[in-house]
Amino acid sequence: MGKAENEAKKEFLWSYRDSVRRLERISAEIEEIRAMRMGASAGTGGTGRRGWKNDLSAYAAQLDSLERKKKKELCSTRRALVQIEEAINDLKDELEKDILFYHYIKGKEWWEIAVEVHFSESWIYAVHGRALAHLKIPQECSSLE
């Protein structure tokens, strides 16, 4: 297995965690906008400000845009998870499946995986390499095939 192929497989496996992080950022941005709006409303009592309708329209538009972005990212996250889980589940070796699942889906560190599966960290690295060699990425996700 070449280095480029290995990196492509890792990129495929990391795509779920990347998508989860994007989703978390969007959610945090939505919460921040809502909190700022609540603070602005509380500070003025919601009345007495010139142009408050324009402010409300801009707020609603910004929130709607982010909610749409969040929904789209949620679909992308689910799709990535399904594709990765299917690829992992196609592996024959259960330890290989566990290591890829814990690292790329659950985001665990190598030492945490070693504790979880009761093997040394160096053995986990070796099995991870084997698992990558056996992993087949779906054709629509691969630029290699």
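Residue numbers start from 1 along each chain as its sequence is written, and side-chain values use heavy atoms, with hydrogens and water left out. Because the model is predicted, local features need pLDDT of at least 70 and side-chain atom pairs count only at pLDDT 80 or more, while totals for chains, interfaces and linings use all residues.

**Overview. The protein chain has five helices and zero strands.**
Along the sequence, the pattern reads α-α-α-α-α. Helices (H or I, at least four residues) and strands (E, at least two) are DSSP runs, numbered from the N terminus. Of the 145 residues, 32% count as buried; buried means under 20% relative accessible area, exposed over 50%, and partly exposed in between (1.4 Å probe, protein chains only). Among contacts with a separation of 6 or more, 69% come from residues 24 or more positions apart, where contact means heavy atoms within 4.5 Å.

**View 1. Helix α4 packs against helix α5 at an angle of about 100°.**
Here you see residues 110-117 (α4) and residues 121-134 (α5), with axes 9 Å apart. Axes are lines fitted to C-alpha atoms, for helices over the stretch in contact, and angles run from 0 to 180 degrees between N-to-C directions. The angle makes α4 roughly perpendicular to α5; that label covers 65 to 115 degrees, with under 35 roughly parallel, over 145 roughly antiparallel and the rest oblique. On the α4 side, look for Trp110, Trp111, Ile113, Ala114 and Val117; on the α5 side, for Glu121, Ile124, Tyr125 and His128. By class, this contact has seven nonpolar, one polar and one charged residues. Ala, Val, Leu, Ile, Met, Phe, Trp, Tyr, Cys and Pro count as nonpolar, Asp, Glu, Lys and Arg as charged, and the others, Gly among them, as polar.

**View 2. His118 lies in the loop between α4 and α5.**
Its phi is near 65°, a positive value in a residue other than glycine. His118 counts as exposed, at 70% relative accessibility.

**View 3. Helices α3 and α5 cross at roughly 95°.**
Their axes come within 9 Å, and the angle makes α3 roughly perpendicular to α5. Leu95, Glu96, Ile99, Leu100 and Tyr104 of α3 meet a set of α5 residues including Trp123, Ile124, Val127, His128 and Arg130.

**View 4. Trp14 and Tyr104 form an edge-to-face aromatic pair.**
A search of the whole structure finds three aromatic pairs. Rings of Phe, Tyr and Trp (its six-membered ring) pair if their centres lie within 6.5 Å; planes under 30 degrees apart count as stacked, over 60 as edge-to-face and the rest as tilted. In this pair the centres are 4.8 Å apart, with 70° between the planes. Trp14 belongs to helix α1 (residues 3-44) and Tyr104 to helix α3 (residues 94-105), so the pair links distant parts of the chain, 90 residues apart. Trp14 is partly exposed at 29% relative accessible area, whereas Tyr104 is buried at 1%.

**View 5. Tyr102 has an aromatic partner, Phe101, and a charged neighbour, Lys108.**
Phe101 and Tyr102 pair edge-to-face, 5.7 Å centre to centre and 65° between the planes. Phe101 counts as partly exposed at 27% relative accessibility, and Tyr102 as buried at 17%. The charged end of Lys108 sits over the Tyr102 ring, 5.0 Å from its centre. A charge sits over a ring if NZ of Lys or CZ of Arg is within 6 Å of the ring centre and within 35 degrees of the ring normal.
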